[in-house]
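Please look over the model below before reading on. My notes follow as numbered points.

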Amino acid sequence: MFGTWSKRAVSLTAVVTARTVTHTTTRTFACVPAVPLPDINRFNTHLLRVLANPSDKTAAPFRKHSAAAGASATASPTTWVPRPGSALKKPPPANRVLIVGSGGLSIGQAGEFDYSGSQAIKALKEEGVSTILVNPNIATIQTGKDLADVVYFVPANPEYIEYVIEKEKPDGILLAFGGQTALNCGVALHHNGVLEKYGVKVLGTPVRTLELSEDRDLFAQALKDIGIPVAQSTAVSSVEDALAAAETIGYPVIVRAAYALGGLGSGFAHNAAELRSLATSSLSLSPQLLVERSMKGWKELEYEVVRDAENNCITVCNMENFDPLGTHTGDSIVIAPSQTLSDAEYHMLRSAAIKIIRHLGVVGECNVQYALSPDSMEYAVIEVNARLSRSSALASKATGYPLAFVAAKIALGASLPDLRNSVTRTTTANFEPSLDYVVTKMPRWDLSKFQHVSRRIGSSMKSVGEVMGIGRTWEESLQKAIRMVDPSFEGFQSLPFEDLDTALSEPTDRRLFAVGSAMLDKGYSVDKVHDLTKIDKWFLHKLQNLVDTRTELAKYTGPASAENPTASEAAIPEPLLKLAKQRGFSDAQIARQTKTTEMAVRALRKHHGIIPVVKRIDTLAAEFPADTNYLYMTYNGSTDDVTFEDHGIVVLGSGVYRIGSSVEFDWCGVSCIQSLRHLGYKTVMVNYNPETVSTDFDECDRLYFEELSLERVLDIYEREHASGCVVSVGGQLPQNIALPLHSAGVNVLGTSPIDVDRAEDREKFSRTLDETGVDQPEWKELTDTAEAFAFADRVTYPVLVRPSYVLSGAAMNVAHSREDLDRFLKLATDVSPLHPIVITKFIQGAQELDVDAVALDGKLQVYAVSQHIEDAGVHSGDATLVLPPLLEGEKGASTSTDPDGVGIRGLTPQIVADCKAVAEKLAAAFNITGPFNMQLILSRSPASAAVQTHTLKVIECNIRASRSFPFVSKTLAANFIDIATRAITRHPSLVAALPKSDPMLDRAAVPYKSVKVPVFSWTRLAGADPFLGVEMASTGEVACFGTDVHEAYLTGIIANHNAAFKTLPLPKGSAIVIAADKLTHATEATSIVRTLTESGYKVLAANDNTNTILNANLPIFARDTDLADRRVARAAYQNENVAAVFSIAKARPASIEDPLYLLRRSAVDLAIPIVNEPKTAYLLANAIRDYAVEGRDKRDAVKPWHHWVAHNMPETEKKGAAAA
């Protein structure tokens, strides 16, 4: 009966909504506020009334039965009664639900799962369901105190989740909101009998369906059963079987790994040799491979589909890859909705997607990926993700349809017609969005940070982030996206290539700019570019429009100044200027073509009245009124969709995720918005990252999905008549435009941009430190190599080298000798006055400390000192942090009996007090109001010295929030961003928000340790050396708590799913390979070997040189073995039963032939756990001994967050935690 109502509603809606947009389908309940009605006749009457008056938004969500009937159906004195606004017709299937998070961010699994998990928690709380979250990623918004009822910062793996289930007694579990990590955990828990043992129900898509979509062979068979074509393929579990399958299918083939995320373990093989190497590596990461026919050159498309338990099914969004099949969708430019499909192709794939999701039995959200022949209607399904994915987050932000929220409600038993779309507020969730705009997703890569990494992209994802540009034309959308990826790009442009045709035919992270070079510089035709790239001609013709516009602009000269923009004799014609803006050209881009300045072009277009209009993300394609705060700007429109009366505070987000700026800054931005709203201010968020919570519809009063450029922020600030702008919570990107914004008259809240500039400019900063009496390492900016050698000789080696322009990704390096310096200078292509080089004295054996703080008018309000486990020389983003810092005498700190330089030296209360004093001096010197971060080098006299002395040197001060702000805030239960927000708004509640005591000196308030562990994505970056240095390489982080540093660190290492430690302690009797070089501290290395041996492990030396350095006679691992051959390497590791590699060498090798490079790289490729720094190796060895020898129990660390921080919580929060 219910299905009949849906069909009737479809037909009535179709009659009224005649206008269509690109690939729009009939939408069920597209604009109908529905009410509970007892029969179909009354429903139809109501439907006609609402269609006649679509602005009526007062009705409650429609349910199959009236609220009264639903309540009486299970009548009893204690019967379940739906909460106000509930979408459920019966009690939820579980009252206490465990949500499995995705853990630390890595390539292939990033911030999109913070967004989806946060939405799931909100959906469950709305229905009165208690939530327990397991996620060790301390930087996420979902692990904040205001979302889940209980949070566990423990590993998201089957072992620890069972511990949590045992303690918390949930009766339901959600597996679809934590990426591949959660899905794999759920399948393992199901097969291990844990869920059945504790009576835990899997909500939403059943485990059998998850297995069906992940097991490549079962999946292919399931689709064949319903006549859906899949690529010819064979599932295998050995290298020999893979070779046999390829012979049958024919080369080239693509290999896909089961139970893997982001295409990990996949790739193309053109012959048996390539397949053997690929399959050997892939089988170390996954138990099963699918060898399938290659369809390179076909179109790749995706459909996001939603199904509820009552079999209602809709397609929310379809997306098309700019790049043809062969490039992983995470590495491809993606356009939504699709632009090049015929109506027949669109509906053919839509129907197939619905057929698939119904046959598989998905309950919730599902992503279907297709390959479509460009020359016929032939298609094949590539894969199905029966969970929320990266594409789901993109689809949600592209359409305004809250996929994760809806999927969570469906998991609780709601049906699509019952649910109101919480974004539009005028429709049910049972509709398919129609768009009057187009979005372009573009990936961000950071491959240049890594040596030996190929720039070629293929079926295994390499990008670290993505952006989404919104426009009314594809040209506008694309050019926005290009600038969002990197502000140094002005839009569609060219880059130099030695072999342009190869750059076009073989995809790399820069292929779009190769297309730009071909079309802008070389005059290649659309047909020629298509022949080389197989990119659809529709897109190439649009790019030709940009070429033509740029050519036309170059004929004119822009205004000489912003003060008199119309004075030029060869002024840009107004129609051309408007056309350029409609095609996405920025003011800076136009200025470059017309030989003027950005502000002069801005003045000229404003003189002509060419200003962008503000549009809503309108899922109803403007056919009916939509009420949403989700906005973008465009020059392809005539009127604004909103009025501007709020005068809110603009908060600039962090932009694209990249190495060095990730979810940590999204937490800062969201925390700032939440604090502002709590204090009564209206808020405007500007960001363009579809993976983030900050770009969620319900976090701010107004959200602009827009560029973080000077031009666009000024546009928004002026249109909103904003009262202020916050630039200090989004990382370096907003900070870079702080001074120009200030110069343009923007009220930048917090520290003055003039003072920020004094800290950002190296010369000014150094001068201020000298004037303030704060010490710093000796440094000099040099303009020729002779000066560089002279300076290094004077200050003595080692020195830190920072070239301004380099090749091969070697941006910063530590030179330990004249030979090292000569090699690094040769990487710098042009040391000159235009490209100076900075050399700093590197202090060997020093400790590094991070200080995060908040000040008001130059007076320190709160601070935290985090200690690096690693010695100075490892980038702070790659360092392991412990908070509160280790003090002398605490467990885990080296003792007076340890030789000098061995172990982790504890701080003294005086050192901590001196760090605070330096923070106070810098806060005053730069008149700081708001957040700031300092990095200090601590040099000390040897522990054995009779008189102990120490010095602190400042190496950096960022007058903004840092990536460690969420870590210190959650560790100390004091939200530093909330405090900073109260400071920059000068709110009288600031004093009440401060901690009652100094948590750095009052150890009774923090009787625990929290350790932040970096997450690396080495497996994704073929050829990269897993080596730590001064250039950041990590993609994420996790943090865990413990009563001491050993407990917290061991738990954190297990939580780091990319570290490959499946379990700790390692199996007794297994082998550990240790590698050292001439810079290794031999006494410390010997101590590590002794500890591992005493713990029951066999220690092998990597080579004879390691034995010489250690003065040992350890057995040699894989002597005379070619570790570059992965088949041979795999046998070597298996034969010796190697459980881990401890590489404590300190010199970065010059080539890929270096034996220690081959050891590290082969370990990563074959999923052997690796520790690549001596201090963390020492810490882990001692932590393992605690568990392997002394019998510590890992369960002791499994405690909820509120348990750890209870001593430091405000009284109001303690009561809430106790209730939870």
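1. Strand E24 (residues 799-803) pairs with E26 in the antiparallel sense, over 5 bridges. Pairing here requires that DSSP finds at least two bridges between two strands. Pro803 stands opposite Ile837 in E26. Strand E23 (residues 779-782) also runs antiparallel to E26, joined by 4 bridges. There, Leu782 has Ile837 as its bridge partner. In strand E26 (residues 837-841), 4 of the 5 residues are buried, so the strand is largely enclosed by the rest of the structure. Buried means under 20% relative accessible area, exposed over 50%, and partly exposed in between (1.4 Å probe, protein chains only).

2. A word on the source. This is a predicted model, in which local features need pLDDT of at least 70 and side-chain atom pairs count only at pLDDT 80 or more, while totals for chains, interfaces and linings use all residues. Residues are numbered from 1 along each chain as its sequence is written, and side-chain values use heavy atoms, leaving out hydrogens and water.

3. The chain has 42 helices and 37 strands. These are DSSP runs numbered from the N terminus: helices (H or I) of at least four residues, strands (E) of at least two. Of the 1220 residues in the chain, 65% are buried. Among contacts between residues at least 6 apart in sequence, 72% join residues at least 24 apart. Contact means heavy atoms within 4.5 Å. The chain exposes about 41100 Å², and carbon and sulfur atoms supply 50% of that. The areas come from the Shrake-Rupley method with a 1.4 Å probe; for residues, only the protein chains shown count as cover.

4. Which residues have the most contacts inside the largest nonpolar core? They are Leu543, Leu652, Leu741 and Phe932, in a core of 206 residues. Helix H14 (residues 403-411) gives the most to this core, with 8 residues. Apart from it lies another core, of 106 residues, including Ala220 and Ile1116. A nonpolar core is a set of buried Ala, Val, Leu, Ile, Met, Phe, Trp, Tyr and Cys residues joined through side-chain atoms within 4.5 Å.

5. Ala1101 sits in strand E35 (residues 1098-1101). Its relative accessibility is 0%, so Ala1101 counts as buried. Leaving aside residues up to four places away in sequence, Ala1101 touches Val1073, Ile1074, Thr1106, Asn1107, Leu1114, Pro1115, Ile1116 and Phe1117. Asn1113 is 12 residues from Ala1101 in sequence and 8.4 Å away in space, C-alpha to C-alpha.

6. Two helices deserve a look. Helix H23 (residues 663-678) is largely enclosed by the rest of the structure, because 13 of its 16 residues are buried. Gly680 follows H23, with a positive phi near 100°. In helix H24 (residues 710-720), 10 of the 11 residues are buried, so this helix too is largely enclosed. Among the buried residues of H24 are Glu711, Arg712, Asp715 and Arg719. His721 follows H24, and its phi is positive, near 50°.

7. Finally, an open sheet. Its 5 strands run in the order E3-E2-E1-E4-E5, with parallel pairing. Strand E3 (150-152) and strand E5 (201-202) stand at the edges with a single partner strand each, so one side of each has no neighbour in the sheet. Strand E4 (residues 172-174) is joined to E5 by 2 bridges. Ile173 stands opposite Val202 in E5.

Terms used
The expected span of a helix is 1.5 Å times one less than its number of residues.
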